[in-house]
Amino acid sequence: MDKHRYLVVINPISGVGSKEYLPHLIAQSLLPYADALYITYTQGAGHAQRLMQEAMEQKMDTIIAVGGDGTINEIAASLYNTPIRLGLIPKGSGNGLARALGIPIDNEEAALEIIRKGNSLAIDTGIANGKPFFCTFGVGFDAAVTERYEDAVTRGIFTYIKATIDEYIRFEPKSYLITVDDITIKRQALLITCANIDQYGSNAYIAPGASPSDGLLDLVILRPVEGLQAAQVAIQLFTKRIRKNARLESIRGSKITIERAMEGSIQLDGESFTMGKTIEISVVPQSLNVLVPAK
């Protein structure tokens, strides 16, 4: 039996619920398969990146991220284009990447079994103005909702719904110049999402059919909606029928440029950042090795 050098990185504030029981459960599950097993906690923004540097110096071959898509992003940003494998124990609010890859939510023992079996899939890495992403990148309404959600006192699906409704009341769509490979279009848009996977998280499918390992991103443009159209969009997101919406446009490509009138907020794997007027997006194909269920 091959033994591995594991580093487990737990984000103690991701999602909801206690994580105090996890170190014992993880140790019990992985020690028989481990040449080395270290368990640690993130201590704030940027700490995971420093932990990854130490992991490489200690020749760890498997990093296990315990948290949500933001935690995964911070860890995976240091791992893509390396042979190190990434295991996921989803403990965030949306858990988009885990859901897209078929990793069980709220079942740590099943997630650990996937890690023990060691079946890996090489997925793509998106790059937006130098920042890696693995799930979705967005400007417009989803970026504004993410920014509002991050400012909320509590987390969870109900807080996210409230942030969405509050932002919808005040949000004004904007004009964008978009280039996908050799095609340039101008659109007034409620939101623009570059999707490496099929969903934002929580089974809200913005790009049904998107593949994380095809070397392409699904660019989704949603034109402004009004009144009952907004409710229709919400229903279609959660029923995998968003492509049936007449106000949605989808283009698949590997090199995308988004130009807007001024700098502003963006969302990247569910985290809020600020970027400039011009955003250059590209793909590094099959560059991150993630442990997934065997087909």
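**Helix 2 and the cysteines**

In this predicted model, the buried residues of helix 2 pack against strand 1 (4-10), strand 2 (34-41), strand 3 (62-67) and helix 3 (69-76). Helix 2 spans residues 47-57, and its buried residues are His47, Ala48, Leu51, Met52 and Ala55. These lie on the same side of helix 2, because they cover an arc of only 140° around the axis.

The face of helix 2 turned away from the buried side carries the exposed residues Gln49, Arg50 and Glu57. Just after helix 2, lysine 59 takes a positive phi of about 60°.

The cysteines are a separate matter. A disulfide is a covalent bond between the sulfur atoms of two cysteines. The structure holds zero disulfides. Cysteine 135 is in no disulfide, and the nearest cysteine sulfur, that of cysteine 194, is 13 Å away. Seen from the other residue, the closest cysteine sulfur to that of cysteine 194 is the one in cysteine 135, and 13 Å is too far for a bond; the cut-off for a disulfide is within 2.5 Å.

Both residues can also be described by their accessibility. Cysteine 135 is buried, with a relative accessible area of 2%. Cysteine 194 is buried as well, with a relative accessible area of 0%.

Definitions and conventions. Residues are numbered from 1 along each chain as its sequence is written. This is a predicted model: local features need pLDDT of at least 70, side-chain atom pairs count only at pLDDT 80 or more; totals for chains, interfaces and linings use all residues. Side-chain values use heavy atoms; hydrogens and water are left out. Buried means under 20% relative accessible area, exposed over 50%, partly exposed in between (1.4 Å probe, protein chains only). Helices (H or I, at least four residues) and strands (E, at least two) are DSSP runs, numbered from the N terminus. The arc is that of the directions from the helix axis to the C-beta atoms. Contact means heavy atoms within 4.5 Å.
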